[in-house]
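Please read them with the structure open.

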Amino acid sequence: MQKRFNFKEVAPSALKAMVGLEMYLSKASISETAKDLIKIRASQINGCAYCINIHTQEAIKNGDTNQRIFLLNAWREAEDIFTEEEKVVLAITEEITLIHQNGLSDDTYSTALQFFSESQIADIITAIITINLWNRVVLSTHLLIGQSLA
């Protein structure tokens, strides 16, 4: 599999908009841990090795543990490894990443309102949408681990 083209050269305005989403998220009302979990879990679902590689390293730098990262794809069975808030974030991540199945369910949304404000839920949704966007660009351009998007 070879990288198909340099996304930055071909679509610089699109890349700038994507970076704008990242800038927004850097100031978002959700924790860095939540952002890391979203990035890793969505990338696992989408099969994006490039993003899994980057975001697992970031999560460890941000203080998350290897155990939590190893168990992330089985978070429902991991009992007390993840907090209730994190489990809601992961459920939202899966439902939005797999939007073609049923989308964000009323049950998951109602549960989220027990832990997060509407503004925080908007930030969670934005984080999920953003990593899904990156996954799709990386996978569509065949970007390999170690290569630069730019």
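1. Which residue forms a salt bridge with arginine 76, and how far apart are the closest N and O atoms? The partner is glutamate 94, and the closest N and O atoms are 2.6 Å apart. A salt bridge here is a side-chain nitrogen of Lys or Arg within 4 Å of a carboxyl oxygen of Asp or Glu. Arginine 76 sits in the loop between α5 and α6, and glutamate 94 sits in helix α6, so the pair ties together parts that are 18 residues apart in sequence. Glutamate 94 counts as buried, at 10% relative accessibility. Arg41 joins Arg76 and Glu94 in a network of salt bridges.

2. Some ground rules. This is a predicted model: local features need pLDDT of at least 70, side-chain atom pairs count only at pLDDT 80 or more, and totals for chains, interfaces and linings use all residues. Residues are numbered from 1 along each chain as its sequence is written, and side-chain values use heavy atoms, with hydrogens and water left out. Buried means under 20% relative accessible area, exposed means over 50%, and partly exposed is in between (1.4 Å probe, protein chains only). Helices (H or I, at least four residues) are DSSP runs, numbered from the N terminus.

3. The salt bridges number six in the structure. One of them joins the side chains of glutamate 86 and arginine 68, at 2.9 Å from N to O. Glutamate 86 belongs to helix α6 and arginine 68 to helix α5 (residues 66-71), so this pair, too, ties together parts that are 18 residues apart in sequence. Both partners are worth a look for burial. Glutamate 86 counts as buried at 13% relative accessibility. Arginine 68 is buried as well, with a relative accessible area of 12%.

4. The side chains of lysine 87 and glutamate 84 meet at 3.4 Å, N to O. Both residues lie in helix α6, three residues apart, about one turn of the helix. Lysine 87 is buried, with a relative accessible area of 18%. Glutamate 84 counts as partly exposed, at 46% relative accessibility.

5. Now the nonpolar cores. A nonpolar core is a set of buried Ala, Val, Leu, Ile, Met, Phe, Trp, Tyr and Cys residues joined through side-chain atoms within 4.5 Å. The largest has 28 residues, and Ile30, Ile38, Ile92, Phe116, Ile124 and Leu149 touch the most other members. At least two residues of this core come from each of α2 (12-26), α3 (32-46), α4 (49-61), α6 (84-97) and α8 (118-141). α8 gives the largest share, eight residues. A second, separate core has ten residues, among them Ile40, Ala59, Leu72 and Ala91. In soluble globular proteins, nonpolar side chains tend to be buried together.

6. How do α6 and α8 pack? Their axes are 10 Å apart, at an angle of about 50 degrees. Axes are lines fitted to C-alpha atoms, for helices over the stretch in contact, and angles run from 0 to 180 degrees between N-to-C directions. That makes α6 oblique to α8. Angles under 35 degrees count as roughly parallel, over 145 as roughly antiparallel, 65 to 115 as roughly perpendicular and the rest as oblique. The contact (heavy atoms within 4.5 Å) is made by Val89, Ile92, Thr93, Ile96 and Thr97 of α6 and Ile124, Ile125, Ile128, Asn132 and Arg136 of α8.

7. α6 also packs on helix α7 (residues 106-115): the axes come within 10 Å and cross at roughly 145 degrees. On the α6 side, the residues are Glu84, Glu85, Val88, Ala91, Ile92 and Glu95. They meet Thr108, Thr111, Ala112 and Phe115 in α7.

8. Two backbone angles deserve a check. Glutamate 79 has phi near 45 degrees, a positive value in a residue other than glycine. Glutamate 79 lies in the loop between α5 and α6 and counts as exposed, at 58% relative accessibility. Histidine 142 has phi near 60 degrees, again positive in a residue other than glycine. Histidine 142 lies in the segment after α8 and is buried, with a relative accessible area of 17%.
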